Amino acid sequence: MKKRVVIAAKYAALGCITLLFLLPIIYMLANSFMTSAEIAEKYTTNSEHYAGFHLIPDRFSLEQYYQAFLRRPQFLKLFWNSMLITVPIVAVQTIVSVFAAFAFTKLRFPLRDALFFIFIILLILPSWVTLMPNYMMIQRMGLLDTVWSLILPSSFTAFGVCLLRQYMRYVPDETIEAAKIDGASTVKILFKIVLPQVKGGVASLIILTFIDSWNMVEQVIIYISDKEKYPLSVALSEYAATDSGIIFACGVIFMFPPLLLYLYHSREFKNARM
Amino acid sequence: MKLKTKEAITGICFALPALIGIFVFYLIPYVISLYYGFTLRGKFVGFQNFALLFKSKTFWLAIKNTAVFSVIAIPLAVIIPLLISLFLSTFDKHTGFFSSLFLSPLIVPIASVVYVWQIFFTDYGVINSLLQKIGLQPVAFFKGPWSMALVIFIFVWKNCAYNIILFSAGLRKIPKEVREPARLDGANPFQVLTKITLPLLSPTTFFVLLMTIISSFKIYREVYMLYGVYPDEHVYMIQHFMNNNFNNLNYPRLSTASIVLSIFVIAFMLVFFLAERRSSK
């Protein structure tokens, strides 16, 4: 009997912790079904009127979604800008990193370890250090104020190579040697033997790179001056100031691509390896 | 012999795209920025640019705020997930469902939830209305020293998730057989934790710490969403300092700051990795 009480208490505590993490997200979801009028009424604050905690809308409405999808071409354009940046970065970075990580883990070539050391240093350098070199190159290439200035530097980061190398290290050398003796080409070994064993690493890389690019801020405000080219990660906060009536639905829509990607790969992602 | 050269050629070819990208966008321009760091309008000026940088008040303000933020936020974002994953490990049943829910703050974009944070923390927001109801003074989260507290809170909220996953994976790797005998020998749960579990967990802890430090470098994103381009001086971070200098394209200043900060970060990381090596011995 006593044990049962303990278990119930533990689950209650776990529920509370979970709720704490989820509250802002649940709040955003719930409020996305408010009407714009209700948002204006409840969240216009001044010293007389504090914002209350309104989890449940007075009236369930799809007005915000209707407005965002069908009445705001500008919003969809910004959403498309985000996609236009994120998808190429994820694709290039994944492909480049798979090949490079395989070379750095399983193939022997001169200067290999010295070159990999550069990747480790780059991995830890923050954007406040790397933006300046990036900027100089982008400017020299004449790419300022184009999407390429956002796509190119972010496609080549040390993160992908280092992450995948951590996974590939655990692929036993014997399987690779055996395939070699059977006459398999290096490309075939990579795709038929190594990649199937590091699916979790590739999934993690895709998800984390997607999230990182989807949230891109620093590069955008430095390289891009034309606000038409802004991705939603930057534009949404300005949007909130001018069009706060549909802001919750916009937030929910913006959240969907990374969420779907995560749900699709969640099992591999959770079996994190280091 | 021939096989070895073939392997070397393939290896270089496979690594080449990544290497070209890294050299073109990071290494070569970094070397060029060394030139800018020591020159002014084309003339070699020695360490003059550095001296000017170190005299800049905003530079030190940015360093101070970033340091305060890191010293408080990073330990919190490691210890809280550690406690939660220790708690999760006491469940007999699988808690995978809960840990996937925990990950949501990481998955959900910053820009999506920022409006909710504003409603909660603004001067006449939900939190202050609560504080008022229980008879406390309202707090200005967007001005003054409390703005740093808000930034730290949001960082911890966002980064706990991934660290819980990493810690849980680390804890699963410690077999029960290691902990059980100590229990039978009369060690209390606290002793088992400090003498057996935590030391065995230390590789994971180092990795979590490293990942948290790397994400702490990206705190600018949250600050930008909450406070815009010109934040309160309490949350004026290094990235703000760099951005200001990008606005007026002050190349010598940007280059010297880049060089100084990169040397500092690399030195810090070397100490970090040495400490890890020593502790794992």
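Helices (H or I, at least four residues) and strands (E, at least two) are DSSP runs, numbered from the N terminus. The model described here is predicted: local features need pLDDT of at least 70, side-chain atom pairs count only at pLDDT 80 or more, and totals for chains, interfaces and linings use all residues. Residues are numbered from 1 along each chain as its sequence is written, while chains are lettered from A and ligands numbered from 1 in the order in which they are written.

**Chain B: helix 3 and Leu88(B)**

Leu88(B) is located in helix 3 of chain B. This helix covers residues 57-89, 33 residues in total, and extends 48 Å from its first C-alpha to its last. That span is close to the 48 Å expected at 1.5 Å a residue, the expected value being 1.5 Å times one less than the number of residues. At Ser70(B), helix 3 of chain B bends by about 25 degrees; the bend is the angle between axes fitted to the seven residues ending at a residue and the seven starting there.

Leu88(B) counts as buried because it has 21 C-beta neighbours inside 10 Å. The scheme calls a residue buried if 20 or more other C-beta atoms lie within 10 Å of its own, exposed if 12 or fewer, and partly exposed in between, with C-beta atoms placed from the backbone. Apart from neighbours within four places in sequence, Leu88(B) is in contact with Thr95(B) and Ser168(B), where contact requires C-beta atoms, placed from the backbone, within 7 Å. Ser168(B) is 80 residues from Leu88(B) along the chain, yet their C-alpha atoms are separated by 7.7 Å.

**Chain A: overall form**

Chain A contains 14 helices and zero strands. The radius of gyration is taken over C-alpha atoms, and the globule rule is 2.2 Å times the number of residues to the power 0.38.

| Property of chain A | Value |
|---|---|
| Radius of gyration | 24 Å |
| C-alpha spans along principal axes | about 75 × 70 × 35 Å |

Of the 274 residues in chain A, 43% are buried. Among contacts between residues at least 6 apart in sequence, 81% join residues at least 24 apart.

**Chain A: domains**

Chain A is assigned domain 1 (2-61) and domain 2 (73-270), with bounds from an automatic or database domain assignment. Their C-alpha centres lie 33 Å apart. Eight residues from domain 1 of chain A and seven residues from domain 2 of chain A take part in the contact. On the domain 1 side, helix 1 (2-31) and helix 2 (36-43) of chain A each supply at least two residues.

Terms used
Two residues are in contact if their C-beta atoms, placed from the backbone, lie within 7 Å.
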